[in-house]
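Here is a report on helix packing and sheet layout in one protein model. Please read it alongside the sequence and the coordinates.

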Amino acid sequence: MNLQVPAQINKDSLRRNISIAQTDSLRIVAMYEYMKATLNENTSDFEPYLKEMIRLSKKTAFKWGLSTAYILSLSYYKNIGNYETALRYGDTAAALLGGDTASNLVLNKRHLHNNRGNLYYSIGDFRKALDDYFQAERILKNQHFKTIASVYSSIANCFTELSNDQKAMEFSDRAVASARQFDDPRLLATCLMNKATMLMNIDRYAAADSILAVVWPVVRQLQNSKSLFAYYLNKGDVAAYYQKDSLMALKYYKQSYTYARENQDVVQIAKALVALAQLKTDLKQAGALACIDSLYRLAGGNGMRSFKADALELYSEWYARSGDYKKAYIYNRQQQALSDSLNSEESRQKISMLEVRFRIENKEQEIVQLKAQDTINRLSIRQKSTLNHILIGGALGLLAILVLLYRNYRHRRNAQQQRITELETERQLTATEAVLKGEEQERSRLAKDLHDGLGGMLSGIKHAFQSMQGNLIMTPENQLAFERSMDMLDSSIKEMRRVAHNMMPESLVKFGLDTALRDFCNSIRQSGALHLVYQSIGMEQAPVKQTTAVTVYRIVQELIHNVLKHAAAAHAVVQVSYANGLFSVTVEDDGRGADPAKLLHSGGIGWQNIQNRVDFLKGTLDVQTQEGKGMSVFIEIPAGNP
């Protein structure tokens with residue numbers, strides 16, 4: 001019970017964040033955080049949030065938000081069994097993401113391929129599922145993301161369905177090895193239970209039972225309904241087919257069915273019903289027929305034809321055991337007809353492939369015959385016009401030599417021009433670097449002189465005045481003037497410290513970029529000038545060089561000062577993230593915006609400074625703005641620069 005209270009509190013808090021979000025961008029992020037945290041619970045309010053997230057992302061042309069909403073829709077509709085809608089959202093997300101290489105969208109591609117692979121697996125198209133899983137694996141292979149373990153586990157499940165037990169065990173072992181690299185008990189438990197299932201598929205029940213014994217303490221602690229479903233279903237199989245304890249197996253299957261219904265996962269429910277119905281039929285229990293009825297209705301209502309065939313086979317077996325051979329025969333015929341239909345679909349696909357291969361082979365035979373005839377014709381012509389061929393060949397050879405010489409000349413000229421351009425660019429960057437470093441050094445020197453020199457002098461003067469105050473006899477008027485002077489001196493010391501801090505923040509030197517930016521944004525928000533929200537993703541382990549940290553800090557500082565001076569905004573967001581060797585900086589506001597054409601050619605010193613600093617870090621700058629609709633600035637910087 002104690003494990004559930006924090007989750008509920010967190011869910012309510014995430015839902016409140018949606019209602020209090022001040023801008024469309026913040027509302028999209030808040031809805032994403034809520035749905036990401038509660039996706040597996042199949043909450044009834046998911047669909048309205050998904051539609052609202054799609055609407056706002058389209059309205060603001062927020063590509064990450066839109067693609068994320070499509071992927072969440074794919075997962076949600078897959079979980080509730082609406083596969084057609086789920087597939088439509090998956091295809092739409094794939095078309096939207098296309099060949100985009102932005103780091104946050106590449107991560108979304110990984111989510112898309114993984115979730116669409118899960119969808120294809122659910123509907124039984126295991127080859128298409130493998131295609132998506134391997135695309136997800138290619139994206140994850142060189143990154144330290146724990147999702148790689150789940151992808152390997154899914155690949156293993158596909159190979160199991162395709163009857164390739166050797167490959168299934170290979171990828172199951174990869175999944176467990178990957179999961180052990182991360183501190184995630186649920187992930188490791190899931191991978192181990194999948195391996196136990198693989199072992200049972202090849203009749204290694206003792207090894208599977210040993211794995212389940214290791215997994216149980218983790219599953220019991222997690223109290224996750226999906227993990228509990230998989231555990232009890234596996235334990236039921238071990239009890240039924242290895243330990244031959246039917247009553248214990250029945251108990252385990254009932255528990256798995258309870259958790260499957262709690263998950264509202266139709267595939268899980270169907271699997272549990274098949275196991276329950278088969279065992280109850282074997283035990284000749286009266287409740288077997290009710291289980292079969294439930295399985296038949298579930299399969300028919302969700303288009304799961306293979307499970308419907310299982311239900312018909314169980315009907316036939318039940319009535320045969322009950323002595324009603326007429327009904328047993330009728331259900332057996334229906335089951336055979338449905339199985340033949342399923343097999344015929346597979347056969348039609350195989351025949352179609354054979355026809356394609358047959359046509360290809362015929363084309364290849366035709367090509368061979370044409371080549372043979374062409375050889376004969378060319379030999380005949382060659383005998384008649386050898387001299388012409390020699391002359392034409394010589395002319396073509398000479399022409400080819402001339403073309404190669406010309407291409408070589410152009411290539412050298414282009415290479416020289418490119419080298420000149422590179423040297424000019426390097427010269428400009430070197431000059432920019434010298435200016436920026438000189439500027440920062442001068443800022444640091446002035447900040448130190450102000451803080452240590454002038455600050456010390458002012459503090460000494462204040463101390464001297466305070467000492468004099470106790471030794472002087474002053475009139476009330478002089479006392480009042482003296483106190484006002486002391487107040488002005490205090491204000492001067494505070495202002496001097498503020499100026500010194502702005503010139504070179506101590507938190508940037510001592511604690512790094514993330515802390516310095518958070519302090520800067522908090523100071524702006526506390527001043528009341530702007531409701532400024534700061535978000536950071538993956539910055540804890542980011543390799544930030546001092547030069548890069550100072551430059552990024554100055555860029556954000558300049559952007560926020562522009563918002564305060566020109567945007568007339570009420571709310572703004574600063575988001576800094578690190579992934580795949582790239583720093584991403586996003587600054588958005590809900591101010592008056594600007595004409596993009598005028599903004600880029602304004603020639604303002606502030607924008608020139610921002611562009612120079614981005615060029616110095618070899619980054620890219622993208623500005624999205626429209627008059628009356630705010631502004632969004634997106635900057636990407638390679639982590640290794642400068």
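H12 and H14 cross in the left-handed sense. In this predicted model, H12 covers residues 225-241 and H14 covers residues 266-282. Their axes come within 11 Å and cross at roughly 25°. An angle under 35 degrees counts as roughly parallel, so H12 and H14 are roughly parallel to each other. H12 brings Lys 226, Phe 229 and Leu 233 to the contact. H14 answers with Gln 268, Lys 271, Ala 272 and Ala 275. By class, the residues of this H12 and H14 contact are four nonpolar, one polar and two charged.

H14 packs on helix H15, residues 288-301, at an angle of about 150°. The axes of H14 and H15 lie 8 Å apart. Angles over 145 degrees count as roughly antiparallel, and that makes H14 roughly antiparallel to H15. The crossing of H14 with H15 is left-handed. On the H14 side, the contact uses Val 266, Ile 269, Ala 270, Leu 273, Val 274, Leu 276, Ala 277, Lys 280 and Thr 281. On the H15 side, Ala 288, Cys 291, Ile 292, Ser 294, Leu 295 and Leu 298 take part. The residues of the H14 and H15 contact divide into 12 nonpolar, two polar and one charged.

H6 spans residues 103-122, and H8 spans residues 147-161. The axes of H6 and H8 come within 11 Å and cross at roughly 25°. H6 and H8 are therefore roughly parallel to each other. Their crossing is left-handed. From H6, the residues in contact are Arg 110, Asn 114, Asn 118 and Tyr 121. They meet Thr 147, Val 151, Ser 154, Asn 157, Cys 158 and Glu 161 in H8. This contact of H6 with H8 has three nonpolar, five polar and two charged residues.

| Helix pair | Axis separation | Crossing angle |
|---|---|---|
| H12 and H14 | within 11 Å | roughly 25° |
| H6 and H8 | within 11 Å | roughly 25° |
| H14 and H15 | 8 Å | about 150° |

Next comes the sheet. In what order do the five strands of the open sheet run? The order is S1-S2-S3-S5-S4, and the pairing is mixed. The edge strands are S1, residues 531-537, and S4; each pairs on one side only. Neighbouring strands of this sheet are turned by 10° against each other on average, direction ignored.

S4 (residues 620-625) and S5 (residues 631-638) pair in the antiparallel sense. Six bridges join S4 and S5. Asp 622 stands opposite Phe 634 in S5. The hairpin of S4 and S5 has five residues between the strands. In that hairpin, Gly 628 takes a positive phi near 85°.

The protein averages a pLDDT of 79, and 79% of the residues score at least 70. Where does pLDDT stay under 50? One such stretch is residues 1-9, for which the model has three contacts beyond four places in sequence. Another is residues 349-361, for which the model has zero contacts beyond four places in sequence.

Key:
Residues are numbered from 1 along each chain as its sequence is written. This is a predicted model: local features need pLDDT of at least 70, side-chain atom pairs count only at pLDDT 80 or more; totals for chains, interfaces and linings use all residues. Side-chain values use heavy atoms; hydrogens and water are left out. pLDDT is the predictor's confidence in each residue, from 0 to 100. Contact means heavy atoms within 4.5 Å. Axes are lines fitted to C-alpha atoms, for helices over the stretch in contact, and angles run from 0 to 180 degrees between N-to-C directions. Helices (H or I, at least four residues) and strands (E, at least two) are DSSP runs, numbered from the N terminus. Angles under 35 degrees count as roughly parallel, over 145 as roughly antiparallel, 65 to 115 as roughly perpendicular and the rest as oblique. A crossing is left-handed if the near helix is turned anticlockwise from the far one by less than a right angle, and right-handed if clockwise. Ala, Val, Leu, Ile, Met, Phe, Trp, Tyr, Cys and Pro count as nonpolar, Asp, Glu, Lys and Arg as charged, and the others, Gly among them, as polar. Two strands pair if DSSP finds at least two bridges between them.
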